Amino acid sequence: MQNDSQFARHSWYICGVIDDADPVAGASSATSPSPEYQRIVEENRRFGAVFDRSALTAAPVRGLAVLTCMDARILVEDALGLRVGDAHIIRNAGGLATGDAIRSLVVSQQLLGTQEILVIGHTGCGLHEVDEAGLRLRLAEATGHETSLSFGAFADLDAMVAEQVRKIRAHPAILDVPVHGLVYEVETGHLRELA
Ligand SMILES: [Zn+2]
């Protein structure tokens with residue numbers, strides 16, 4: 001927990017620096033908005049102008065919760081044939097069943113009624129065969145703060161996904177529902193079911 005605190009303090013420190021530049025207007029005014037940020041704001045204006053999904057309920061229509069990696073190549077909705085409102089999609093680096101992913105799954109089940117879980121790893125994951133110690137060293141050099149934060153690097157993709165499935169099934173706060181392990185191939189777009 002101490003390490004989490006160190007990391008949190010560092011995050012706070014970054015925010016503090018930004019906020020100090022303009023404590024009234026907050027982080028976004030510390031530097032002029034990037035072209036990408038400006039594009040996003042403009043896109044959202046267009047999105048809001050034609051928005052027609054206000055009747056959706058918070059409970060996912062298909063009763064599904066998906067845990068997967070944050071990798072930008074995985075468009076979960078397209079890959080699984082889902083539409084907005086269909087499923088909870090919980091993402092983090094690696095698609096790991098971390099404490100916070102479990103928390104989200106519990107909320108998904110207890111408050112919003114989902115009854116099936118997919119855990120999806122993928123080929124070409126940034127955490128595959130990453131050197132944890134090297135990454136910690138790089139982080140320390142970049143930030144000036146030592147950390148023993150665990151990043152969840154793994155050597156065997158299928159084994160990693162199977163382990164997340166096992167963790168979810170075994171967690172006492174998770175309901176006894178189907179939990180499927182799958183691998184998404186970023187090269188082909190295909191999902192492979194784990195045995
Ligand atoms: Zn990944």
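This is a predicted model: local features need pLDDT of at least 70, side-chain atom pairs count only at pLDDT 80 or more; totals for chains, interfaces and linings use all residues.
1. The average pLDDT of the protein is 88, and 85% of the residues score at least 70. The stretch to read with care is residues 1-28, where pLDDT stays under 50. For that stretch the model has 18 contacts beyond four places in sequence.

2. **The overall layout.** The protein contains six helices and five strands. Of its 195 residues, 19% count as buried. Among contacts between residues at least 6 apart in sequence, 66% join residues at least 24 apart.

3. Helix α2 covers residues 35-49. From first C-alpha to last, its 15 residues reach 21 Å, close to the 21 Å expected at 1.5 Å a residue. How many of the residues of α2 are buried? The number is zero, so α2 lies largely in the open.

4. **The nonpolar core.** The largest nonpolar core is made of 25 residues. Those with the most contacts inside it are Ala65, Val66, Leu67, Ile117, Val119 and Ile168. At least two residues of this core come from each of β1 (64-69), β2 (87-92), α4 (99-110), β3 (116-122), α6 (157-170) and β4 (179-184). As background, nonpolar side chains tend to be buried together in soluble globular proteins.

5. **Ile168 as a way in.** Leaving out residues up to four places away in sequence, Ile168 touches Ala97, Leu105, Ile117, Val119, Ile174 and Val179.

6. Helix α4 has twelve residues and reaches 16 Å from its first C-alpha to its last, close to the 16 Å expected at 1.5 Å a residue. Which residues of α4 are buried? They are Ala101, Leu105, Ser108 and Gln109. Seen down the axis of α4, the buried residues fall within an arc of 90°, so they line one face of the helix. On the face turned away from the buried side sit the exposed residues Gly99, Asp100, Arg103 and Gln110.

7. **Ala162 in α6.** Ala162 has its place in helix α6. Ala162 is partly exposed, because 16 other C-beta atoms lie within 10 Å. Beyond its neighbours within four places in sequence, Ala162 is in contact with Gly181 and Leu194. His180 is 18 residues away from Ala162 in sequence, and the two are 9.0 Å apart in space, C-alpha to C-alpha.

8. **Strand pairing around β4.** What is the sense of the pairing between β3 and β4? These two strands pair in the parallel sense, over six bridges. Ile120 stands opposite Leu182 in β4. With strand β5 (residues 191-193), β4 pairs in the antiparallel sense over three bridges. Tyr184 has Leu191 in β5 as its bridge partner.

9. **The hairpin of β4 and β5.** Six residues lie between the strands of this hairpin. Within the hairpin, Gly189 takes a positive phi near 85°.

Notes: Residues are numbered from 1 along each chain as its sequence is written. pLDDT is the predictor's confidence in each residue, from 0 to 100. Two residues are in contact if their C-beta atoms, placed from the backbone, lie within 7 Å. Helices (H or I, at least four residues) and strands (E, at least two) are DSSP runs, numbered from the N terminus. The expected span of a helix is 1.5 Å times one less than its number of residues. A residue is buried if 20 or more other C-beta atoms lie within 10 Å of its own, exposed if 12 or fewer, and partly exposed in between; C-beta atoms are placed from the backbone. A nonpolar core is a set of buried Ala, Val, Leu, Ile, Met, Phe, Trp, Tyr and Cys residues joined through C-beta atoms within 7 Å. The arc is that of the directions from the helix axis to the C-beta atoms. Two strands pair if DSSP finds at least two bridges between them.
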